[in-house]
Amino acid sequence: MKPLVGSIKLLIGLPLLCTFDTSALAANTPLAADAGTYHVEIRNFAFAPKTLTVPAGTRVEWTNRDDEPHVVTSAGASFASSKALDTGDSYTATFAKRGTYTYYCSIHPMMVGTIIVQ
Amino acid sequence: MQDTHDSRRQFLKCMAWAGAGTVWLMKGGVLQAQALGGDPATVKDASFSFVQISDSHIGFHKAPNMDVAGTLRQALARIQAEQTRPAFLLHTGDLTHLSRPEEFDTLAGLMQEARVGRSFYVPGEHDVIGDNGAEFFRRFGERGPAGGWYSFDHGGVHFVGLVNVLNLKAGGLGSLGAEQLAWLKNDLAGRSASTPIVVFAHMPLWSLYPAWGWGTDDAAEALTYLRRFGSVSVLNGHIHQIQQKVEGTVTFYTARSTAYPQPAPGVGPGPGPLQGVAPDALHRYLGIRDVRHVQGAGTLAVTEEVLA
């Protein structure tokens with residue numbers, strides 16, 4: 001399945017076109033690079049915030065602050081999973097389409113988080 | 001059989017030896033504590049012994065242990081120094097920290113170097129990252145069903161290696177899955193209830209502390225197949241500390257890690273490596289487990305040894 005990654009900020013308001021990777025367009029975006037990036041911290045075996053609501057086209061960056069590795073894994077394979085994130089490692093996914101994305105850590109599955117894309 | 005007075009005396013003696021190691025005699029599901037070296041009859045009674053090690057986490061390189069290869073090497077040396085040569089070694093998972101090929105290489109090299117002989121492995125969740133365990137099973141798997149679980153017999157004891165770290169569900173615990181449970185039911189079906197059974201798997205097969213993921217969702221069904229046996233020992237890793245529970249004729253044990261300790265259930269914000277362990281105290285938290293099969297009555301004696 002093609003992961004929904006890439007910067008899609010230009011296409012906000014055109015959700016039907018948001019299914020392809022537009023990372024090549026990122027350099028031309030008029031928005032500041034970080035304006036659309038939200039952050040999720042992984043700390044003490046939990047995602048913080050546990051539920052994050054973002055506008056469509058947002059980049060979400062997870063950063064592992066634990067001494068244990070974690071893996072960001074989509075519960076419905078609706079976005080690409082991360083590799084093993086060691087301490088300090090980050091992973092970014094862009095959410096182009098509206099919806100509720102449940103994810104968990106594949107090696108500590110009691111760790112569950114949700115991205116709500118509006 | 002010891003009387004109550006002797007048992008209490010033995011227990012106190014055991015407490016005095018705490019840190020040096022403890023022998024656990026299991027008789028019909030009831031544990032009896034005994035100091036290491038306290039009763040030579042225990043060793044004499046043994047028809048064979050095996051060793052369990054767990055959670056080597058090769059690749060981990062932070063406090064409280066910057067040298068997990070070194071502490072594994074020490075654990076293996078401890079096994080070499082055993083008076084009675086163990087028949088084989090069980091490694092109950094988390095060989096590596098991040099499932100990286102070079103971490104598996106290091107583990108394999110250390111095992112070979114220590115010449116511990118025949119070794120059996122089951123994967124931990126750290127060994128199956130990114131490839132559902134393909135690399136782990138290619139290197140350390142046994143011949144058996146495609147799912148990686150297997151069984152074998154030794155000295156009249158039936159050993160079952162289970163895999164409960166794959167196909168984990170969001171919000172869930174460890175998982176055996178329908179296919180493995182069906183295999184287990186069939187594997188145990190024809191056996192006499194007097195056969196001692198040893199089940200080993202990475203994650204605890206009882207609900208030890210679900211809030212930290214310390215349990216297996218469908219272990220209860222596996223236990224329905226095991227309950228008719230007179231002596232069942234379940235050996236797990238995952239939580240880097242010794243916890244035990246007796247449920248009828250089934251006794252559950254978790255093992256220490258050879259790499260780093262984790263906090264007691266629910267103590268602190270999460271199950272990460274126990275911080276604040278002084279380097280010279282670390283060895284008291286690490287160790288190996290020695291299991292002797294005692295002839296007659298199908299009993300197993302479980303000995304814990306720390307690296308200190």
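Predicted model: local features only at pLDDT ≥ 70, side-chain atom pairs only at ≥ 80, totals over all residues.
Visitor: What makes up chain B in terms of helices and strands, and how much of the chain is buried?

Guide: Chain B has seven helices and 13 strands. Of its 308 residues, 57% count as buried. The accessible surface of chain B is about 12300 Å², with 53% of that on carbon and sulfur atoms. Among contacts in chain B between residues at least 6 apart in sequence, 70% join residues at least 24 apart.

Visitor: Why is D187(B) called buried?

Guide: The relative accessibility of D187(B) is 13%. Buried means under 20%, so D187(B) counts as buried. D187(B) lies in helix α6 of chain B, residues 178–189. Beyond its neighbours within four places in sequence, D187(B) is in contact with S151(B), H158(B) and V160(B).

Visitor: Why are R118(B) and E142(B) said to form a salt bridge?

Guide: The N to O distance between their side chains is 2.9 Å. The rule asks for a Lys or Arg side-chain nitrogen within 4 Å of an Asp or Glu carboxyl oxygen, so the pair qualifies. The pair links distant parts of the chain, 24 residues apart. R118(B) is in the loop between α4 (101–114) and β5 (119–121) of chain B, and E142(B) is in the loop between α5 (134–140) and β6 (150–154).

Visitor: Which salt bridges does E135(B) form with R138(B) and R139(B), and how do you know?

Guide: The closest N and O atoms of E135(B) and R138(B) are 3.0 Å apart. For E135(B) and R139(B) the N to O distance is 2.8 Å. The cut-off is 4 Å, so both pairs count. Each pair lies in helix α5 of chain B: E135(B) and R138(B) are three residues apart, and E135(B) and R139(B) are four residues apart, about one turn of the helix in either case. Salt bridges that share partners join D105(B), E135(B), R138(B) and R139(B) into one network.

Visitor: Why are E135(B), R138(B) and R139(B) placed in their accessibility classes?

Guide: E135(B) has a relative accessible area of 18%, under the 20% limit, so E135(B) is buried. R138(B) is at 60%, over the 50% limit, and therefore counts as exposed. R139(B), at 27%, lies in between and so counts as partly exposed.

Visitor: What makes K62(B) and D86(A) a salt bridge, and how many are there between chain A and chain B?

Guide: The N to O distance for K62(B) and D86(A) is 3.2 Å, which is within 4 Å, so the pair meets the rule. The count between chain A and chain B is one salt bridge, and over all chains the count is 12. Strand β8 (residues 108–117) of chain A supplies four residues to the side that touches chain B, the largest share. By class, that side has 10 nonpolar, four polar and three charged residues.

Visitor: What is the buried area between chain A and chain B, and which residues supply it on the side of chain A?

Guide: The two chains bury about 1600 Å² between them, 64% of it on carbon and sulfur atoms. D67(A), I107(A) and M110(A) supply 32% of the area that chain A buries against chain B, more than any other three residues. The contact takes 17 residues from chain A and 27 residues from chain B.

Methods:
Residues numbered from 1 in each chain as written. Chains lettered and ligands numbered in written order. Heavy atoms only, no water. Helix = DSSP H or I, 4+ residues; strand = E, 2+ residues; numbered from the N terminus. Buried < 20%, exposed > 50% of the residue type's maximum accessible area, 1.4 Å probe, protein only. Contact = heavy atoms within 4.5 Å. Areas by Shrake-Rupley, 256 points an atom, 1.4 Å probe, with all protein chains shown as cover. Buried area = accessible area lost by both parts, 1.4 Å probe. Nonpolar A, V, L, I, M, F, W, Y, C, P; charged D, E, K, R; others polar.
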